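Got the sequence and the model up on your screen? Let's walk through it with a few quick questions.

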Amino acid sequence: MPSTLSARARLLATGGDRKTDAKDALHVAQVALLRHDLRPVVQEDQTTILRLLTERRDDLVHERTRVLNRLHAVLRDLLPGGAPTGLSADKAAALMKGTTSSTSSSRTGGTRPRPGASCGAW
């Protein structure tokens, strides 16, 4: 059921328009009883379920790859010689334990200029 139908029913009901789960369920049921043009709920077949699971797995794999690539880029900037390939979370953690941030001096009162900041009063 479209959410606009239940919202409209909630607004037209007496007693205000405050949304609670119980009131929302009641309004959805009332709209479902009165509207006969709504699409019925049917059980999904196995191919649809497998397709959804496969798409979810693909999304997770792409997200993991994206995060590892970003982590590799950060480590490449922090480590002399760059980060090795075949990076994992454990390998990255071990590499990070041995590095210090170059911005730590600016946090402790160092005079390292910010990137893009002008040098001198020109």
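Q: Which residues does Ala 92 touch, leaving out those up to four places away in sequence?
A: Keep in mind that we're looking at a predicted model. Ala 92 lies in helix 4. Skip the residues up to four places away in sequence, and its contacts are Leu 71, Leu 75 and Leu 87.

Q: Is Ala 92 buried or exposed?
A: A residue counts as buried under 20% relative accessible area. Ala 92 has a relative accessible area of 4%, so it is buried.

Q: How far apart are the C-alpha atoms of Ala 92 and Leu 68?
A: Along the chain, these two are 24 residues apart.

Q: Which residues of helix 4 do Leu 71, Leu 75 and Leu 78 meet?
A: Those three leucines sit in helix 3. Across from them, in helix 4, are Ala 92, Leu 95 and Met 96.

Q: Is helix 3 roughly parallel or roughly antiparallel to helix 4?
A: The two helices pack with their axes 11 Å apart, at an angle of about 25°. Angles under 35 degrees count as roughly parallel. That's why helix 3 and helix 4 come out as roughly parallel.

Q: Is the crossing of helix 3 and helix 4 left-handed or right-handed?
A: This one is about how helix 3 passes helix 4. The crossing is left-handed.

Q: What does the secondary structure of the protein chain come to?
A: Start at the N terminus and read along: the elements run α-α-α-α-α. The total is five helices and zero strands.

Q: Is Arg 35 buried, partly exposed or exposed?
A: You'll find Arg 35 in the loop between helix 2 (21–34) and helix 3. Buried would need under 20% and exposed over 50%. Arg 35 has 33% relative accessibility, so it counts as partly exposed.

Q: What share of the residues in the protein chain is buried?
A: The protein chain exposes about 10500 Å², with 58% of that supplied by carbon and sulfur atoms. Out of 122 residues, the buried share is 11%.

Q: Where in the protein chain is confidence lowest?
A: The mean pLDDT of the chain is 76, and 73% of its residues reach 70 or more. Helix 3 (residues 46–78) has the highest confidence, at 93, while the lowest, a mean of 44, belongs to helix 5 (residues 104–107).

Q: How many contacts beyond near neighbours in sequence does the stretch 117–122 have in the model?
A: The pLDDT is below 50 over residues 117–122.

Key. Residues are numbered from 1 along each chain as its sequence is written. This is a predicted model: local features need pLDDT of at least 70, side-chain atom pairs count only at pLDDT 80 or more; totals for chains, interfaces and linings use all residues. Side-chain values use heavy atoms; hydrogens and water are left out. Helices (H or I, at least four residues) and strands (E, at least two) are DSSP runs, numbered from the N terminus. Buried means under 20% relative accessible area, exposed over 50%, partly exposed in between (1.4 Å probe, protein chains only). Accessible areas come from the Shrake-Rupley method with a 1.4 Å probe; for residues, only the protein chains shown count as cover. pLDDT is the predictor's confidence in each residue, from 0 to 100. Contact means heavy atoms within 4.5 Å. Axes are lines fitted to C-alpha atoms, for helices over the stretch in contact, and angles run from 0 to 180 degrees between N-to-C directions. Angles under 35 degrees count as roughly parallel, over 145 as roughly antiparallel, 65 to 115 as roughly perpendicular and the rest as oblique. A crossing is left-handed if the near helix is turned anticlockwise from the far one by less than a right angle, and right-handed if clockwise.
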